[in-house]
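Please examine the sequence and the structure shown below.

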Protein chains: 2
Amino acid sequence: MASPIDATHDAALTSWVESANDPATEFPIQNLPFGRFRRDEDGDWSIGVAIGDQVLDLRRAGLLRNTQMNQLMRLPRDARRVLREGISHALRTGSATESACREALVPQAEVQLGLPCEIGDYTDFYTSIHHATTVGRQFRPDNPLLPNYKWVPIGYHGRASSILASGHDFLRPVGQTKPQDAQGAPEFGACRRLDYELELGVFISRPNLLGEPISIAQAEDHVFGLGLFNDWSARDIQGWEYQPLGPFLSKNFASTLSPWVVTLEALEPFRSPFSRAAGDPAPLPYLDSPHNRERGAFDIVLEAWLQTDAMRKAGSPGERLARSNYADAYWTVAQMVAHHTVNGCNLRVGDLFGTGTLSGPAADQGGSLMELSDGGKRPIRLSNGETRTFLEDGDTVMLRGVCEREGYRSIGFGECRATVLPARSALAAR
Amino acid sequence: MASPIDATHDAALTSWVESANDPATEFPIQNLPFGRFRRDEDGDWSIGVAIGDQVLDLRRAGLLRNTQMNQLMRLPRDARRVLREGISHALRTGSATESACREALVPQAEVQLGLPCEIGDYTDFYTSIHHATTVGRQFRPDNPLLPNYKWVPIGYHGRASSILASGHDFLRPVGQTKPQDAQGAPEFGACRRLDYELELGVFISRPNLLGEPISIAQAEDHVFGLGLFNDWSARDIQGWEYQPLGPFLSKNFASTLSPWVVTLEALEPFRSPFSRAAGDPAPLPYLDSPHNRERGAFDIVLEAWLQTDAMRKAGSPGERLARSNYADAYWTVAQMVAHHTVNGCNLRVGDLFGTGTLSGPAADQGGSLMELSDGGKRPIRLSNGETRTFLEDGDTVMLRGVCEREGYRSIGFGECRATVLPARSALAAR
């Protein structure tokens, strides 16, 4: 088998698409993430690859026959590698097919970018021990981490219908809330503790049959790649509804997904060992493999940015709230796949996993406002003098992800953004 | 508007399909449930209606042009009523189209019955206060019902990929377990506390847009009908994994759905008032309507039957474990729809709700073995001398549902059955 790091990762590669050679682009020729685009609202989705500030239409470029992303994702990993090589060759400086491919280029600014694929079942995990500890401490100061955390990659099912492509704004949710110490009937109204969650999405490619678990050794063969994912959360609705069966209306009003899937192939140079702190138990055998120990994690720098309405009006692009790294998560992609299927559960092409909020070990590395504001008790001061405990109407949250490593060209994940619109009840009251 | 109880419900109606006039059939001409069938494994699904021991192929009978159940379900309620009337007329004794329809009849015994539709998102509710109380008592003897129960129709997202049509057996799941008082590492192996859950499935028909809640007054316009649903549960896996985000691998290995959807139109004569015990709070306004109070519940007698391997070998059809009634649930179908969307969450055609385990107020009306065996502490004695706390390999569970009311022809839900096969690990060890 060829080394997973190959000529497509060569830092010296350049493209005839000039914007792809800009040092600031997240989409150099070493990245080649897949997504779906269309030229107008009523058109069909086409499969494209981001290159600089352009999209390459794979079918028009003669690089792909099918038009369904879910079919492409189903391809065996070797076939996907061959496709990646073909695209890399076609886009390289000096490519023999440059003129044909030029016809298949569209500026990203001129197309609508959709969800990367048809999403089947969506599962959200809870893989950041730092997030679980910080949130747990707010409820149980002496015993923040539950006894199962270091053994079980905790996950729960989420709602697929309300997953939105980046750029689709959503209304602040409405619902029942009741503070823990309140008496009498719950209140009903717009959410007051609206939060974002900085996550990665994991796109499942090849399916398994019901009753046939995917071993950890095979797990990554069932994964297409990663995207940015914001699992918006209504903390006050969550606090009242979540016992005993978990979050429901506090999560399913909207989630935002980035349009580009950065493939596992593109991420090969940015792998990290899977690490455990001293005293942590070794994973059970079904969650353990040499590959996972040595290369199971990914070094991806993640950021959450906030642009308030006032910032937008002042022409400010917003400011960074926090930065974390996916390599700090407690459970890896392969462990999520192996755990999800160990009971026989079947995954299907296009299923999506969320990693759960990815926070770092430091207090300023929280992947949500609940962490950064200590449950709303300590407002965050923004550079323009505004403060936030939770999100206000007009706030735009943008997630970013970048992989950087010496000797390699940096690659990025593109944009995952949406703006909070006033609640329907507020609109009706105007 | 015509009365919802119309000529299609007339108890005097008979069909030229003789088996439909058998007093024992669950599918008289007053029922007309929809399902999907095919003649062989590789064929496409067709839409059929159960009539006696036959299936009427709606397209071959000239009663329907489309072949997609999800398209049929999307039809406005008035159009679905017109279709029901057309089918009823075609199947009545003396029908002018009898000979054409005869060509479109197939014996149920000769076809494969599938899932009724393509299922989108699946949500499981927890609408039986008797179930919630009995289960809660096992964990919190002094305070069985959580404070949110009488205000919030508790629900959580489930897994759609592993929902099986009746008759598809499944392997006992494998996973991590750890009794509450145990020390050290969790165990890994086959589930030892496998249970069934006696539920109804609610099929969503017309979608709503994200951000546009469905009012309780409109809620039933978004529902196609009901089926039987068994939400198999691994109680030992559940006990170890479910904190803090709810059940996951303990549920998603398999659920079993009956092939026939009994429409809301067919259920009209069996409606009941929505009742609350003295002292229970009135529902919040978004969960309350005159229609819901007067006719929001359904009087459906539900039963769970067990056929052990020994019974099967002895030629016994099994025995009834419990009987309950859907009218004893705390929250109605319309309340589930209104609650699910009040935060703006969008439903899509083909989405499925589970009602949650439907137990009655008496101790012998538990809809699961966890209830009937008091958490495994009191084995059930079966008539052949066997005992059960939880399910054993080879056990077949069958759910049944029947509506009976004086002055109306009884209608039934057909079969919802599956057998527990040995765990994969047990197979490998042989």
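In this predicted model, 55 residues of chain B are in contact with 55 residues of chain A, contact meaning heavy atoms within 4.5 Å. The model is predicted, so local features need pLDDT of at least 70 and side-chain atom pairs count only at pLDDT 80 or more, whereas totals for chains, interfaces and linings use all residues. Residues are numbered from 1 along each chain as its sequence is written, chains are lettered from A and ligands numbered from 1 in the order in which they are written, and side-chain values use heavy atoms, with hydrogens and water left out.

**Interface of chain B and chain A**

- About 5300 Å² of area is buried between chain B and chain A, and carbon and sulfur atoms give 63% of this area; buried area is the accessible area (1.4 Å probe) that two parts lose on being put together, summed over both.
- Four salt bridges are found across the interface, a salt bridge being a side-chain nitrogen of Lys or Arg within 4 Å of a carboxyl oxygen of Asp or Glu.
- B:Arg159 forms a salt bridge with A:Asp351, and their closest N and O atoms are 2.6 Å apart.
- On the side of chain B that touches chain A, β7(B) gives the most, with four residues.

**The open sheet of chain A**

- Five strands of chain A form an open sheet in the order β4-β3-β2-β1-β5, with antiparallel pairing; strands (E, at least two residues) and helices (H or I, at least four) are DSSP runs, numbered from the N terminus, and two strands pair if DSSP finds at least two bridges between them.
- The edge strands of chain A are β4 (105–107) and β5 (112–113), each of which pairs on one side only.
- Strand β1 (residues 34–38) of chain A is joined to strand β2 (residues 46–51) of chain A by four bridges, and the two run antiparallel.
- A:Phe37 stands opposite A:Ser46 in β2(A).

**Burial in chain A**

- All nine residues of helix α9 (residues 333–341) of chain A are buried, where buried means under 20% relative accessible area, exposed over 50%, and partly exposed in between (1.4 Å probe, protein chains only).
- Among the buried residues of α9(A) are A:Met336, A:His339 and A:His340.
- A:Cys101 counts as buried, at 0% relative accessibility.

**Cysteines**

- The count of disulfides over all chains is zero, a disulfide being a pair of cysteine sulfur atoms within 2.5 Å.
- The sulfur of A:Cys345 is too far for a bond, because the closest cysteine sulfur, in B:Cys191, is 15 Å away.
- A:Cys345 also counts as buried, at 0% relative accessibility.
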